[in-house]
Amino acid sequence: MRFIDKEINPKQLSPLNLAFVGDCVYEMLVRETLVCDANRPVNDLHRESVKFVSAKAQTEAFNKIKDCLTEEETAQFKRGRNAKVGHSPKSATDAEYHTATGVEALFGFLYLNGNLERIKELFSIINE
């Protein structure tokens, strides 16, 4: 299920477009997990979510799932990781930032393909 019923071929999108969507998908997973875990003040939720959506945290997330990825998923991750982002991160190394972009591109690719079960499966591994 997607929110918009417009046909799209994610393979034809740039990896940064996939990462743009995947960033939101990943953050939504983190936020929903935090809200489902406990009813708490929004400031606390925000502070907790930042711990999971940083480049460093997404690099750790990738290390948890990298051996579970299919060839196609690995290829999409690499497309995102190797994309020219045009700036240097402030709070992460270049390698962490590129890995995080790869993770976001992967989640964007899966989402736009309507593969929510796979997203849940990978996020469950990350969240262990």
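These are my notebook entries on a predicted model.

**Entry 1. Overall build**

I started with the secondary structure. The chain has six helices and zero strands. Read from the N terminus, the order is α-α-α-α-α-α.

Next I looked up the overall dimensions. The C-alpha trace spans about 40 × 35 × 25 Å along its principal axes. I then asked what radius of gyration a compact globule of 128 residues would have.

Of the 128 residues, 41% count as buried.

**Entry 2. The largest pocket**

A probe the size of a water molecule, rolled over the atoms, shows where empty space is left.

The largest pocket has a volume of about 490 Å³. Its lining holds 17 residues, and V25, M28, L29, E32 and L116 are the closest to its centre. Which elements give two or more residues to this lining? They are α1, residues 15-37, and α6, residues 116-126. The top contributor is α1, with seven residues.

I sorted the lining by class. I noted 11 nonpolar, three polar and three charged residues.

**Entry 3. The second largest pocket**

The second largest pocket comes to about 350 Å³. I listed 19 lining residues for it. Nearest its centre lie V53, A55, Q58, Y97 and E104.

Three helices each supply at least two residues here: α1, α3 (55-65) and α5 (94-112). I wanted to know which of them has the largest share of the lining. It is α1 again, with five residues.

The class count for this lining is 10 nonpolar, five polar and four charged residues.

**Entry 4. Aromatic pairs**

I moved on to the rings. A pair of aromatic rings is described by the distance of the centres and the angle of the planes. The search of the whole structure found three aromatic pairs.

I wrote down Y26 and F123 as an edge-to-face pair. Their centres are 5.7 Å apart, with 80 degrees between the planes. This pair links distant parts of the chain. Y26 is in helix α1 and F123 is in helix α6, 97 residues apart. Both Y26 and F123 are buried.

Then I took F62 and F77. Their ring centres are 3.9 Å apart and their planes are at 5 degrees, so I logged the pair as stacked. F62 is in helix α3, and F77 is in helix α4, residues 71-81. They are 15 residues apart, and this pair too links distant parts of the chain.

Are F62 and F77 buried or exposed? F62 has 14% relative accessibility, so it counts as buried. F77 is at 3%, so it also counts as buried.

I checked whether ring pairs join up. They link Y26, F107 and F123 into a cluster.

**Entry 5. Cysteines**

I searched the whole structure for disulfides and found zero. I then looked at C36. Where is the closest cysteine sulfur to the sulfur of C36? It is in C24, 16 Å away, which is too far for a bond. The cut-off for a disulfide is 2.5 Å between the sulfur atoms.

C36 has a relative accessible area of 62%, so it is exposed. C68 is at 36%, so I put it down as partly exposed.

A57 sits in helix α3. Its relative accessibility is 14%, so it counts as buried. I looked up the separation of A57 and K78, C-alpha to C-alpha.

At 2% relative accessibility, A61 counts as buried. The C-alpha atoms of A61 and E27 are 13 Å apart in space. In sequence, A61 and E27 are 34 residues apart.

Terms used
Residues are numbered from 1 along each chain as its sequence is written. This is a predicted model: local features need pLDDT of at least 70, side-chain atom pairs count only at pLDDT 80 or more; totals for chains, interfaces and linings use all residues. Side-chain values use heavy atoms; hydrogens and water are left out. On a 1 Å grid over the protein atoms alone, a cavity is a set of points where a 1.4 Å probe fits but cannot get out, and a pocket is an open set with protein on both sides within 12 Å along at least five of seven lines; lining residues have an atom within 4 Å of a point. Grid points are joined across faces, edges and corners, and a volume is the space filled by probe spheres set on the points. Helices (H or I, at least four residues) and strands (E, at least two) are DSSP runs, numbered from the N terminus. Ala, Val, Leu, Ile, Met, Phe, Trp, Tyr, Cys and Pro count as nonpolar, Asp, Glu, Lys and Arg as charged, and the others, Gly among them, as polar. Rings of Phe, Tyr and Trp (its six-membered ring) pair if their centres lie within 6.5 Å; planes under 30 degrees apart count as stacked, over 60 as edge-to-face and the rest as tilted. Buried means under 20% relative accessible area, exposed over 50%, partly exposed in between (1.4 Å probe, protein chains only). The radius of gyration is taken over C-alpha atoms; the globule rule is 2.2 Å times the number of residues to the power 0.38.
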